[in-house]
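Trainee: I would like to work through this structure step by step. Please start with whatever I need in order to read its strands.

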Amino acid sequence: MPLVVAGLARWAAARRRHALAVGRAVHFRCRLDGRRGRLLIDPRLDGPVFIDRSGNAVALPRGGEALGATVSTVGQPPFEKVSLRYRTPQGRVVRLGLATHDARTLGAWLSEEAGPVSAPARWPLLPTAPSWAVFALAAALFVGLATADFAVFGKHTDAEVVRVDRAEDDCTVAWDGGVEQAGVDCDAADIRPGDRVPVVALPWPFLGEAVDTVTTPLVVAVLGGVPGLLGLTGALVVNPLLCARRVRRARRAGPGVLPTTVADGETEEQDEEDTEEWSALGDDLRYAGLAAAARHADRHRPGPRVTPPRRGPGRTSVSPWRWVPETLLGTAAWYPLLVSCGAVLDDHFHLGHWRFLVFGTIGILSLARIGWVVTDRSALCGPVLRAARADAGKDAWQPMRYVCLSREPREMTLVLFRPEGGDVTAPRFLQPISPSRGTGRRTVGGPAPVGEALVRDTGAGPLICEIDGVRYLPSRRATEAAADPALTRAELRHLAESHLRPVGRT
């Protein structure tokens, strides 16, 4: 259940992020300096407005800077909340309490400069539908598709009543000359053994089952119609009315300015120091601790030595023609897909017809996972390859410090830091890079454990890092430390602990 809840939470956050990108109204549940309310991002307002439960409205201008984030777990990991510290363009610092993935979305969106306000559309887009309405519509759609499948691919026939259970209003019917039998609902008071009743023999994966044509359509109409009507009412009526009511309250209250107590008496110098602080990470996971772990591993880790990488096409550490298929096929869902196909063809587990339902479901989920990975990563290939092969200007490449950590010789991660700052600087990005073969036998190419890099943002998630004239292609998207501190902290500790090995033989 925690995994299911976490998956649903991420899906809902992805819907809100997409709605925010296309200009739809999104109302985030959040806290502003401890006050509960909603952050209204609505085309009908001049900008983001926070409205609390008492109806007080506060304008929250864009174009500032997200200073940091702290995770506070409530009960289970799926219910993580993030306290996002945001400094407005006027220098005020506020704290926004949000769900983990909403904090990542809003932190990036608020840090962007507000673009020109476009003319309102003739037909404004509907606000983002709440999750419960989408779930209701999905349930109604599922019932409708299942009903259509049974009605189209099922076998309509007149079955003979074999036995009548008057206590349960259930009849056992037989068709195909008595070869197939199943229990269906019936009117036990009017039906006798030997009568013939119309039934629908269900297709795969429910072979051998049947339903009647009188009671079942009414049950299906209730099971599909009630959630469908509930979802449509919520998405098209209730939610737009609630959003319009919040907008009217915000306009009536008149967005006020942020109170002076929001900054908690912080001065400009303290704000600059706080940008280097991140309470979610300990001192051992700052630049000094991670650099020491990387140097220690480079000197004492057993196994093949690391040599400079061979420069492939486009002065990259990996050939682009090799990087594309590895990126597109980089999912473990191929293994359960092959196992499910083999189990469906050969009933090795002696499940009978149930193997179609069990392993068919596993195969469908594996195909959905593969399709999602291919669709997600195919959108990365073009921007990454263009960024790796193009000779952009100096402004496109930003200098940063890095520490190279790796669990295995071919699984390297670059931890990127600001170019300025001392040993207590907190990390900014974690960028896993693709492995590359070195010039010697049984060696793996890679950068030095600590150094400086030129970093270019592809705009699609991954970062291109150029170190000593070699551009390292990413293996997946970069992790922004301030946006997801829990994941960053766990990843860094796992990497750093794998490097802190005793000197000598192991």
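Mentor: Two strands pair if DSSP finds at least two bridges between them. Keep in mind that this is a predicted model.

Trainee: In which sense do strand β14 and strand β19 pair?
Mentor: β14 covers residues 398–408 and β19 covers residues 450–457. Six bridges link β14 and β19, and pairing needs at least two. One place to look is Gln 398, which stands opposite Val 455 in β19. The sense of the pairing between β14 and β19 is antiparallel.

Trainee: Which residue in β20 is the bridge partner of Val 455?
Mentor: β19 also pairs with strand β20 (residues 463–467), in the antiparallel sense and over four bridges. The two strands form a hairpin with five residues between them, where Gly 459 takes a positive phi near 85°. In β20, the bridge partner of Val 455 is Cys 465.

Trainee: Which strands stand at the edges of the open sheet?
Mentor: The open sheet has seven strands in the order β21-β20-β19-β14-β15-β16-β22, with antiparallel pairing. An edge strand here has a single partner strand, so one side of it is left without a neighbour in the sheet. At one end, β20 pairs with β21 over three bridges, and Glu 466 stands opposite Arg 471 in β21. The edge strands are β21 (470–472) and β22 (479–480).

Trainee: Which residue in β2 is the bridge partner of Phe 28?
Mentor: β1 and β2 run antiparallel and are joined by seven bridges. They form a hairpin with two residues between the strands, and Asp 33 in the turn has a positive phi of about 50°. The bridge partner of Phe 28 in β2 is Leu 39.

Trainee: Which residues touch the most other members of the largest nonpolar core?
Mentor: In soluble globular proteins, nonpolar side chains tend to be buried together. The largest nonpolar core here has 22 residues. The residues that touch the most other members are Phe 28, Leu 39, Ile 41, Leu 60, Leu 96, Leu 98 and Leu 106.

Trainee: What is the arrangement of the rings of Trp 11 and Phe 135?
Mentor: Trp 11 lies in helix α1 and Phe 135 in helix α3 (residues 131–153), so the pair ties together parts that are 124 residues apart in sequence. The ring centres are 5.3 Å apart and the planes are at 25°. Planes under 30 degrees apart count as stacked, so the pair of Trp 11 and Phe 135 is stacked.

Trainee: Is Phe 417 buried or exposed?
Mentor: Phe 417 forms an edge-to-face pair with Tyr 287, at 5.0 Å centre to centre and 85° between the planes. Buried means under 20% relative accessible area. The relative accessible area of Phe 417 is 0%, so Phe 417 is buried.

Trainee: How far apart are the end C-alpha atoms of helix α4?
Mentor: Helix α4 has 39 residues (215–253), and at 1.5 Å a residue it should span 57 Å. α4 also bends by about 45° at Gly 234.

Note on methods: Residues numbered from 1 in each chain as written. Predicted model: local features only at pLDDT ≥ 70, side-chain atom pairs only at ≥ 80, totals over all residues. Heavy atoms only, no water. Expected span 1.5 Å × (residues − 1). Bend = angle between axes of the 7 residues up to and from the residue. Core = buried A, V, L, I, M, F, W, Y, C linked by side-chain atoms within 4.5 Å. Buried < 20%, exposed > 50% of the residue type's maximum accessible area, 1.4 Å probe, protein only. Phe/Tyr/Trp six-rings, centres within 6.5 Å; stacked < 30°, edge-to-face > 60°.
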